[in-house]
Amino acid sequence: TDSSVEFLALVGSGAGCLVGPTLTVGGVAAPTAGGTALATAPRPGDTIFVFDDSRSPPAWRASRLLSVDAGGVACPLLGAGDVQTLRLEAGLDAAPAVAFRVLRRTRFSLYRSGDGSWYLGMRDWNLAGGGFTGIQPVAGPLAPFNRDPGRAGLHFAFVDAGERTGSPPPPPPPPGAPLAGDPAVGGRALRISARASGGADSAFRIVGIPRAPAPTPTPIP
């Protein structure tokens, strides 16, 4: 919408060992478990992509994360640090040694806090709670919500290469639903505008939108 955006945000990436529906990776606090860089621990409801280069063309393959267990089978890609086992919704047809990415449904929006000020806030998906977590302030205070982009504290718009407003892509599927393929999107970039409380200072940035990975094998662009 004009004041909120939702997407799959990267939680971390690395290398691990895939055996059927389980993926062994290093832990968050395990710097000696080589090949893993997780900003936070994976949790049920996250989306896992593993890179399969055992066939031509190589492809990223996706599955939902069902559970996270401490420990796991020995994985030659990892060092002596802690490891954890990610149990996936379905086994992925890929080589045992894989690169992986963990993504989580995340929403940024303009909201009014209890002190009456407006902020850019973030919420991410928590399957155990059945919805998004409580909103947390990221930046602010900002100017209040306003349908006029020139006066709004935060404004999102999908734009094309000429910065003309385009149509947004469809929202991310709910947890458990099939992942969408590459949609026909009128806007290939997101223009983010922010205005400080009082309206004296403002800034904007244009962020490119990557193509949505399809659940079936797709060549890497």
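A salt bridge here is a side-chain nitrogen of Lys or Arg within 4 Å of a carboxyl oxygen of Asp or Glu. The model is predicted, so local features need pLDDT of at least 70 and side-chain atom pairs count only at pLDDT 80 or more, while totals for chains, interfaces and linings use all residues. Residues are numbered from 1 along each chain as its sequence is written, and side-chain values use heavy atoms, with hydrogens and water left out.

The whole structure holds 7 salt bridges. Select Arg43, Asp46, Arg104 and Asp124: a network of salt bridges links them.

Start with arginine 43 and aspartate 124, whose closest N and O atoms are 2.6 Å apart. Arginine 43 sits in the loop between strand S3 (36–38) and strand S4 (47–52), and aspartate 124 is in strand S8 (residues 118–126), 81 residues apart. Strands (E, at least two residues) are DSSP runs, numbered from the N terminus.

Next, select aspartate 46 and arginine 104, which meet at 2.8 Å, N to O. Aspartate 46 is in the loop between S3 and S4, arginine 104 in strand S7 (residues 97–112), 58 residues apart. Relative accessible area under 20% means buried, over 50% exposed, and in between partly exposed (1.4 Å probe, protein chains only). Aspartate 46 is buried at 1%, as is arginine 104 at 4%. Back in the previous pair, aspartate 124 is buried at 15%.

Last, select arginine 147 and aspartate 2, a salt bridge at 3.6 Å, N to O. Arginine 147 lies in the loop between strand S10 (136–142) and strand S11 (154–159) and aspartate 2 in the segment before strand S1 (4–19), so the pair ties together parts 145 residues apart in sequence. Arginine 147 is exposed at 65%; aspartate 2 is partly exposed at 21%.

Key:
Helix = DSSP H or I, 4+ residues; strand = E, 2+ residues; numbered from the N terminus.
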